[in-house]
Amino acid sequence: MGLSVTISAADARDAEHILKLQYLCYQSEAELYGDWSIEPLTQSLGALRAELEEGHGLVARLGDEVVASVRARVDEDGTVRIAKLIVHPRMRRHGLGGRLLDAIERHFATGGPAPSAKRFQLFTGHRSEVNLRLYRSKGYAQVATRELGPQLTLVTLEKAA
């Protein structure tokens with residue numbers, strides 16, 4: 001009998017699991033850009049806990065194991081900033097990232113914290129083709145780029161709520 005993946009709100013008890021998963025998941029991004037000092041790999045447990053308190057986080061579990069996560073918060077202007085959508089490497093290519101993205105959007109679009117969501121925004125690196133493909137398939141369009149160095153340009157994508 002197989003286990004199904006469940007998605008639920010993240011809380012402080014999930015923080016360590018999320019941080020370990022984040023470290024694992026961002027190894028491929030660090031390798032892609034030749035930079036192991038990227039923020040997801042250097043973030044402290046305290047900073048992650050603060051993100052969860054200031055916004056909303058979701059986790060996906062396979063049994064008791066946290067296998068995916070996403071975090072977001074809404075600004076005063078109604079922009080929901082989605083960050084750190086991560087899926088365990090062995091769970092990728094099964095639609096879990098898309099399910100989490102849909103779920104975090106739903107949270108903010110239907111009765112999430114005030115002010116109401118007007119738009120969703122996220123970013124990824126310019127070489128992260130799998131991420132870009134997912135975001136575009138979910139209706140996101142590129143609105144800006146920002147060069148962070150010779151190896152990395154951040155691509156910001158957005159869609160209306």
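Modeller: Here is a walk from the pocket to one of its residues, and then to the core.

First, the ground rules: this is a predicted model, where local features need pLDDT of at least 70, side-chain atom pairs count only at pLDDT 80 or more, and totals for chains, interfaces and linings use all residues. Residues are numbered from 1 along each chain as its sequence is written, and side-chain values use heavy atoms, with hydrogens and water left out.

So what is a pocket? On a 1 Å grid over the protein atoms alone, a pocket is an open set of points where a 1.4 Å probe fits, with protein on both sides within 12 Å along at least five of seven lines; a lining residue has an atom within 4 Å of a point. The largest pocket holds about 1400 Å³ of space, a volume being the space filled by probe spheres set on the points, which are joined across faces, edges and corners. Its lining has 49 residues, and Tyr 26, Lys 84, Leu 85, Asn 131 and Tyr 135 are the ones nearest its centre. By type, the lining splits into 22 nonpolar, 13 polar and 14 charged residues (Ala, Val, Leu, Ile, Met, Phe, Trp, Tyr, Cys and Pro count as nonpolar, Asp, Glu, Lys and Arg as charged, the others, Gly among them, as polar).

Now zoom in on Lys 84, which lies in strand 4 (strands are DSSP runs of E, at least two residues, and helices are runs of H or I, at least four, numbered from the N terminus). Lys 84 counts as buried because its relative accessible area is 11% (buried is under 20%, exposed over 50%, partly exposed in between, with a 1.4 Å probe and protein chains only). Its backbone is worth a glance too: phi of Lys 84 is near 55°, a positive value in a residue other than glycine. Most residues other than glycine have a negative phi.

Leu 85 and Tyr 135 lead us on to Leu 101, which is in contact with both, and also with Ile 82, Leu 122, Lys 138 and Tyr 140, leaving aside neighbours within four places in sequence (contact means heavy atoms within 4.5 Å). Leu 101 is also among the residues that touch the most other members of the largest nonpolar core, which has 28 residues (a core is a set of buried Ala, Val, Leu, Ile, Met, Phe, Trp, Tyr and Cys residues joined through side-chain atoms within 4.5 Å). Strand 4 is one of the elements giving that core two or more residues, while helix 5 gives the largest share, six residues.
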